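Notebook open, one chain to go through today. I'll start with the overall picture and then follow individual residues.

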Amino acid sequence: MFNNESPKLPKPLILFINQLQYLKRSILSVLLSLPTSLLALLLLLLLAYNGFYVFCIYLPLSKPSPDPAIFSPGNLAGESVSNWVPAHVSSSSSSSKISSSVMYVVKEENAPMFLKTHLPPLHNPRNSMVPISKFSLQRPRRIRKHKRKLKSLPPEPKLSLFSTRMRDFFAGNSSSCKVRFFMTWISSKTFGNRELLAVESLFKSHPNACLAIVSNSLDSEKGSQILRPFSEMDFRVMAISPDFDFLFKNTPAEAWYYELRTGKVNPGGVSLGQNLSNLLRLALLYKFGGIYLDTDVIVLKSLSKLRNVIGAQAIDAQTGNWSRLNNAVLVFDKNHPLIFKFIQEFALTFDGNKWGHNGPYLVSRVVSRVRENPQNPGFNFTVLTPSAFYPFNWSRIRSLFRGPKDELHSKWLLAKLRHIRSQSFALHLWNSQSRRLNVQKGSIIDHLMSEFSIFPNSSASSSVKIE
């Protein structure tokens with residue numbers, strides 16, 4: 001009833017199937033005839049190929065870089081950046097060098113795994129970025145840094161604290177602050193008897209003055225204890241830590257100080273504190289105006305009637321003209337152009353390896369150039385003779401500390417003392433030369449210490465070694 005026979009295949013198909021079966025048997029016979037080690041090698045190669053295929057990543061083709069985005073304090077805060085230029089970059093170069101604060105941004109949807117960013121040389125370390133290479137992170141080439149700067153530079157206080165305290169100090173004493181005095185004390189040494197004598201003599205001659213001592217060490221609890229006797233007697237004195245950024249802002253010192261902090265200026269072998277003091281006194285007078293005194297200057301009479309004066313240290317015996325000026329006493333108005341020239345000279349010619357180059361020699365260089373061109377407008381100032389502030393040169397300062405050897409010597413000392421009192425506004429003690437000298441009884445310094453002491457039984461009234 002039913003036909004159970006399977007359908008017959010075409011003859012060509014049957015022949016093809018038979019050939020495939022024959023080929024299969026031939027391949028198997030060949031493989032079985034191979035050594036077992038060769039079979040294992042073939043298997044490992046197959047596994048390696050399979051692993052490479054699975055873990056291989058196809059990187060998309062790079063697209064043209066989009067427009068760069070500028071990252072600055074302005075646009076990070078959502079503000080316009082069209083006019084923003086770092087403080088230390090001049091306006092003339094800001095447009096050509098703004099690319100120093102630029103990096104490229106790539107859309108996330110097609111971002112490649114590795115970014116290779118090409119940046120121009122970075123001119124602003126504050127906005128600097130590290131480029132990312134294809135295989136590793138590469139650090140930018142380091143500029144040679146001067147290690148001394150971190151040790152010598154005092155810590156920076158809060159930006160607005162200095163200006164606020166100075167304004168409040170002078171404004172709060174506006175009715176009684178007849179004269180503004182400034183001193184600086186950038187030293188790790190103790191503010192000792194020599195310095196206290198200078199402060200006492202200042203208030204002895206100017207009881208209604210205001211004195212701001214710019215110092216990190218004195219702006220402390222210990223410093224308050226040292227200066228408390230003056231405050232208790234209603235003398236107006238304040239110790240305040242310096243804010244170099246505020247004081248140097250908008251002056252040639254701003255760029256110099258930035259380079260010093262970033263290691264591009266060699267501080268040299270001379271004490272950095274001494275050189276900073278040379279610049280700090282100029283910045284204080286330029287910002288506020290007043291009288292600057294070194295802490296080894298004894299004030300002998302009122303300086304309130306002096307205006308825009310600097311003192312000569314030495315006189316040329318043949319010409320009668322001054323041969324060297326000094327910066328231990330400076331009396332200048334606010335924003336005086338000569339002080340600006342001093343600051344400019346400091347920034348342009350700073351040399352930390354030559355003693356006096358950034359101080360007495362600096363003011364001498366600038367005034368010499370101004371004197372050669374008397375047509376410079378606005379440079380109204382007076383150079384006082386050495387008797388005003390420097391009646392004794394540093395090479396003869398020892399004679400002021402020696403007591404009388406005999407009656408003749410005693411008469412000579414008294415004559416010198418009368419001359420100093422009548423002819424001099426102040427007496428510079430040349431601290432570097434006289435610091436270790438003992439004050440002998442009956443000496444000129446002994447008489448001055450007794451005369452200008454404002455505290456009973458103070459250290460200034462006794463013949464002791466001033467340290």
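This is a predicted model: local features need pLDDT of at least 70, side-chain atom pairs count only at pLDDT 80 or more; totals for chains, interfaces and linings use all residues.

**Overview**

I looked up the secondary structure and got 17 helices and 11 strands. The protein has 467 residues, and buried ones make up 39% of them. For the accessible surface I have about 28100 Å², with 56% of that belonging to carbon and sulfur atoms. I also checked contacts between residues at least 6 apart in sequence: 76% of these join residues at least 24 apart.

**Cores**

Which residues have the most contacts inside the largest nonpolar core? I find Ile213, Phe230, Leu293 and Phe389, in a core of 56 residues. Helix H7 (residues 193-205) gives the most to this core, namely six residues. There is also a second, separate core of 48 residues, and Phe169, Ala212, Tyr257 and Leu362 are among its members.

Beyond its neighbours within four places in sequence, Phe230 is in contact with Leu196, Val199, Glu200, Phe203, Phe235, Val237, Ile454 and Phe455.

**Helix H17**

Next I went to helix H17, residues 444-452. Its buried residues are Ile444, Ile445, Asp446, Leu448, Met449 and Phe452. What do they pack against? I get H7, strand E7 (297-299), H15 and E11.

**Ser424**

Buried or exposed? Ser424 has a relative accessible area of 1%, so I put it down as buried. A polar atom of the Ser424 side chain lies 2.5 Å from the backbone oxygen of Ser387. Leaving out neighbours within four places in sequence, I list the contacts of Ser424 as Leu300, Lys301, Ser387, Ala388, Pro391 and His419.

**Salt bridges**

My search of the whole structure turned up nine salt bridges. The general idea is that side chains of opposite charge can pair when their charged atoms come close.

- Arg165 with Asp219: the closest N and O atoms are 3.0 Å apart. This pair links distant parts of the chain, with Arg165 in helix H6 (residues 159-172) and Asp219 in the loop between strand E4 (210-214) and helix H8 (221-232), 54 residues apart. Arg165 is partly exposed at 25% relative accessibility, and Asp219 is partly exposed at 28%.
- Arg261 with Asp245: the closest N and O atoms are 3.0 Å apart. Arg261 is in helix H10 (residues 253-261) and Asp245 in helix H9 (residues 244-248), 16 residues apart. Arg261 counts as partly exposed, with a relative accessible area of 33%, and Asp245 does too, at 32%.
- Glu345 with Arg365: the side chains meet at 2.9 Å, N to O. Glu345 lies in helix H12 (residues 337-349) and Arg365 in helix H13 (residues 360-372), so this bridge ties together parts that are 20 residues apart in sequence.

I checked burial for that last pair as well. Glu345 is buried, with a relative accessible area of 8%, whereas Arg365 is partly exposed at 22%. Which residues are linked with Glu345 in a network of salt bridges? Arg365 and Arg369 are the ones I noted.

**Ile315**

Then strand E8 (residues 309-315), where Ile315 lies. Ile315 is partly exposed, at 40% relative accessibility. How far apart in space are Ile315 and Pro386? I get 7.5 Å, C-alpha to C-alpha, for a pair 71 residues apart in sequence. Neighbours within four places aside, Ile315 is in contact with Gly320, Asn321, Trp322, Ser323 and Pro386.

Last entry is a nonpolar surface patch. I find about 530 Å², made by Leu13, Phe16, Ile17, Leu20, Leu23 and Ile27. Of these I looked up Leu20, which sits in helix H1 (residues 11-33). Leu20 counts as partly exposed because its relative accessibility is 44%.

Conventions: Residues are numbered from 1 along each chain as its sequence is written. Side-chain values use heavy atoms; hydrogens and water are left out. Buried means under 20% relative accessible area, exposed over 50%, partly exposed in between (1.4 Å probe, protein chains only). A polar contact is a pair of N or O atoms within 3.5 Å; within protein, one must be able to donate a hydrogen and the other to accept it, and residues adjacent in sequence count only if both atoms are side-chain atoms. Contact means heavy atoms within 4.5 Å. Patches are made of residues with over 30% relative accessible area and no salt bridge: like charges are joined within 9 Å, nonpolar side chains (Val, Leu, Ile, Met, Phe, Trp, Tyr) within 5 Å. Accessible areas come from the Shrake-Rupley method with a 1.4 Å probe; for residues, only the protein chains shown count as cover. A salt bridge is a side-chain nitrogen of Lys or Arg within 4 Å of a carboxyl oxygen of Asp or Glu. Helices (H or I, at least four residues) and strands (E, at least two) are DSSP runs, numbered from the N terminus. A nonpolar core is a set of buried Ala, Val, Leu, Ile, Met, Phe, Trp, Tyr and Cys residues joined through side-chain atoms within 4.5 Å.
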